[in-house]
Amino acid sequence: MNVEKILAIAGKPGLYELKLQTRSGFLAESLLDGKKITVGMRSNVSLLSEISMYTYSEEKPLAEIMRAIAVKENEGPALSHKEDNATLIAYFKEILPDYDEDRVYASDIKKVLNWYNILQAKGLVSKEEPKVANAEAIKEEVVKEVKEEGKAKKATKKTKKEE
């Protein structure tokens with residue numbers, strides 16, 4: 001699932017896809033009705049890729065939570081965000097059991113489920129793990145660095161013994 005260009009704009013319903021950046025802001029297209037709007041720099045805009053939710057151990061990125069919902073629902077629609085708070089909280093506990101109940105409110109859960117359903121309707125959700133481009137090359141580079149560090153440590157040990 002790629003949420004790199006998906007935006008949430010304060011005061012505007014739904015989600016938007018970033019289309020074009022301009023000097024005074026940007027152009028975004030609504031995922032609900034397809035209308036294009038211009039958004040100024042003064043607007044409060046959040047990229048979904050930058051949003052995370054509190055858990056007791058760490059902050060969990062929204063993309064991971066969306067993927068967990070997709071796995072639970074087999075990429076189908078999630079529970080409606082219009083359900084009562086107790087139902088929403090019970091549902092969310094199944095998806096993210098260790099979420100911080102003191103800092104994640106029912107309104108946050110509603111928003112996440114609403115966003116998921118919007119993305120799901122557009123076919124933008126996936127239960128697949130994101131694939132890193134050039135994963136093999138990165139792996140080889142890391143292995144090479146580890147080997148070089150090992151050689152450097154051996155060389156320092158030899159020089160210390162000689163002294």
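Reader: Leaving aside neighbours within four places in sequence, which residues is Ser30 in contact with?
Author: This is a predicted model, in which local features need pLDDT of at least 70 and side-chain atom pairs count only at pLDDT 80 or more, while totals for chains, interfaces and linings use all residues. Residues are numbered from 1 along each chain as its sequence is written, and side-chain values use heavy atoms, with hydrogens and water left out. Contact means heavy atoms within 4.5 Å. With neighbours within four places in sequence set aside, the contacts of Ser30 are Leu15, Tyr16 and Lys35.

Reader: Does Ser30 count as buried or exposed?
Author: A residue is buried under 20% relative accessible area, exposed over 50%, and partly exposed in between (1.4 Å probe, protein chains only). Ser30 lies in strand S3. Because its relative accessibility is 6%, Ser30 counts as buried.

Reader: How many helices and strands are there in the protein chain?
Author: Helices (H or I, at least four residues) and strands (E, at least two) are DSSP runs, numbered from the N terminus. Along the sequence, the pattern reads β-β-β-β-β-β-β-α-α-α-α. The protein chain has four helices and seven strands.

Reader: In which order do the five strands form an open sheet?
Author: Two strands pair if DSSP finds at least two bridges between them. The edge strands are S4 (36-40) and S5 (45-47), each of which pairs on one side only. The pairing is antiparallel, and the order is S4-S3-S2-S1-S5.

Reader: What is the average twist from one strand to the next?
Author: Axes are lines fitted to C-alpha atoms, for helices over the stretch in contact, and angles run from 0 to 180 degrees between N-to-C directions. On that scale, the twist from one strand to the next averages 45°.

Reader: Which residue in S3 is the bridge partner of Leu18?
Author: Strand S2 (residues 16-21) and strand S3 (residues 25-30) pair in the antiparallel sense over five bridges. A hairpin of three residues joins S2 to S3. Glu17 stands opposite Glu29 in S3. The S3 bridge partner of Leu18 is Ala28.

Reader: Which residue takes a positive phi in the hairpin of S3 and S4?
Author: S3 and S4 run antiparallel and are joined by five bridges. One of the bridge pairs is Gly25 with Gly40 in S4. Five residues lie between the strands in this hairpin, and the one with a positive phi, near 80°, is Gly34.

Reader: How far does helix H3 reach from its first C-alpha to its last?
Author: The expected span of a helix is 1.5 Å times one less than its number of residues. Helix H3 (residues 106-121) has 16 residues, and 22 Å is expected. The reach of H3 is close to that value, at 23 Å.

Reader: Which elements do the buried residues of H3 pack against?
Author: The buried residues of H3 include Ile109, Val112, Trp115, Tyr116 and Leu119. They pack against strand S1 (6-9), strand S6 (52-54), helix H1 (62-73) and helix H2 (85-95).

Reader: Does Asn74 count as buried or exposed?
Author: Asn74 is in the loop between H1 and H2. Asn74 has a positive phi of about 55°, although it is not a glycine. Most residues other than glycine have a negative phi. Because its relative accessibility is 53%, Asn74 counts as exposed.

Reader: What is the relative accessibility of Glu75?
Author: Glu75 is also found in the loop between H1 and H2. Its phi is positive, near 65°, in a residue other than glycine. Glu75 counts as partly exposed because its relative accessibility is 32%.
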